Amino acid sequence: MPTIRFQLNGAAIAVETDPDQMLLDVLRGRLGVTGPHFGCGANECGACYVMVGDRAIASCDMPMWSVADKDVTTIEGLGTAEHPHPLQRAFIAEQAMQCGYCVSGILISAAALLKRNPSPTEAEVRAALDRNLCRCGSHNRMVRAVLQAASELAAS
Ligand code: FES
Ligand code: FES
């Protein structure tokens, strides 16, 4: 099997894999990176999102060959318990989650948005989170949290 090399959360990774295997399976099953979740497996829910460059992408629908030489960020690369990302702090402050299953994908969509557009409007935040489903119905709190994080980042 070929070796595919890419950057994962800032570290160089080389993984021997079937090039058609999906990134989500490699992340969770081979690399122990369990932040991205399996939801639908069909690019319809956002639970598995990772950031590739400055875009949120469904890792359940991303074959390994398409990851070669790319820069991939998962929730594990966003912040830590000791040093949370402003988005993570804002989600906690706004209590913007219930079960939490969707949240890693939503934080990735939000982080990708803030990378491209550091001062989004509420409509732009809603559009950026539009492809992420939350069965707990926490979207309004999440939108508030993203706007709060954006203003914190703008002030820093
Ligand atoms: S599990 Fe990938 S979009 Fe739903
Ligand atoms: S917080 Fe439960 S699915 Fe979003």
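I'm working with a predicted model, where local features need pLDDT of at least 70, side-chain atom pairs count only at pLDDT 80 or more, and totals for chains, interfaces and linings use all residues. Residues are numbered from 1 along each chain as its sequence is written, chains are lettered from A and ligands numbered from 1 in the order in which they are written, and side-chain values use heavy atoms, with hydrogens and water left out.

**Entry 1: H3 against H5.** I looked up helix H3 (residues 103-116) and helix H5 (residues 139-155) first. Helices here are DSSP runs of H or I with at least four residues, strands are E runs of at least two, and both are numbered from the N terminus. The two axes come within 11 Å and cross at roughly 40°. Axes are lines fitted to C-alpha atoms, for helices over the stretch in contact, and angles run from 0 to 180 degrees between N-to-C directions. H3 and H5 are therefore oblique to each other. For the record, under 35 degrees counts as roughly parallel, over 145 as roughly antiparallel, 65 to 115 as roughly perpendicular, and the rest as oblique. The crossing is right-handed, so the near helix is turned clockwise from the far one by less than a right angle.

Which residues of H3 and H5 meet? From H3 I have Val103, Ile106, Ala110 and Leu114, and from H5 His139, Met142, Val146, Ala150 and Leu153. Contact means heavy atoms within 4.5 Å. By class I get eight nonpolar, one polar and no charged residues. Nonpolar covers Ala, Val, Leu, Ile, Met, Phe, Trp, Tyr, Cys and Pro, charged covers Asp, Glu, Lys and Arg, and the others, Gly among them, are polar.

**Entry 2: H2 against H5.** Helix H2 (residues 86-93) also meets H5: the axes come within 8 Å and cross at roughly 135°. That makes H2 oblique to H5, and the crossing is right-handed. On the H2 side I noted Pro86, Leu87, Arg89, Ala90, Phe91 and Ala93, against Met142, Ala145, Val146, Gln148, Ala149, Glu152 and Leu153 of H5. The tally is ten nonpolar, one polar and two charged residues.

Pro86, Leu87, Gln88, Ala90 and Phe91 are the buried residues of H2. Buried means under 20% relative accessible area, exposed over 50%, partly exposed in between, with a 1.4 Å probe and protein chains only. Their cover includes H3 and H5. Just after H2, Gln95 has a positive phi of about 50°.

**Entry 3: Glu94.** Beyond four places in sequence, Glu94 touches Arg141, Arg144, Ala145 and Gln148.

**Entry 4: H1.** In helix H1 (residues 23-30) I found Leu23, Leu24, Val26 and Leu27 buried. Strands S1 (3-8), S2 (11-16), S3 (49-52) and S5 are among the elements covering the buried residues of H1. Gly32 follows H1 with a positive phi, near 70°.

**Entry 5: Met62.** Met62 sits in the loop between strand S4 (55-58) and strand S5 (71-73), and is buried at 8% relative accessibility. Leaving aside neighbours within four places, Met62 contacts Gln21, Met22, Leu23, Val52, Ile57 and Val67. Its C-alpha is 9.9 Å from that of Asp25, 37 residues apart along the chain.

**Entry 6: cysteines.** I found zero disulfides, a disulfide being a pair of cysteine sulfur atoms within 2.5 Å. Cys48 is buried at 4% relative accessible area, and Cys102 is buried at 9%.
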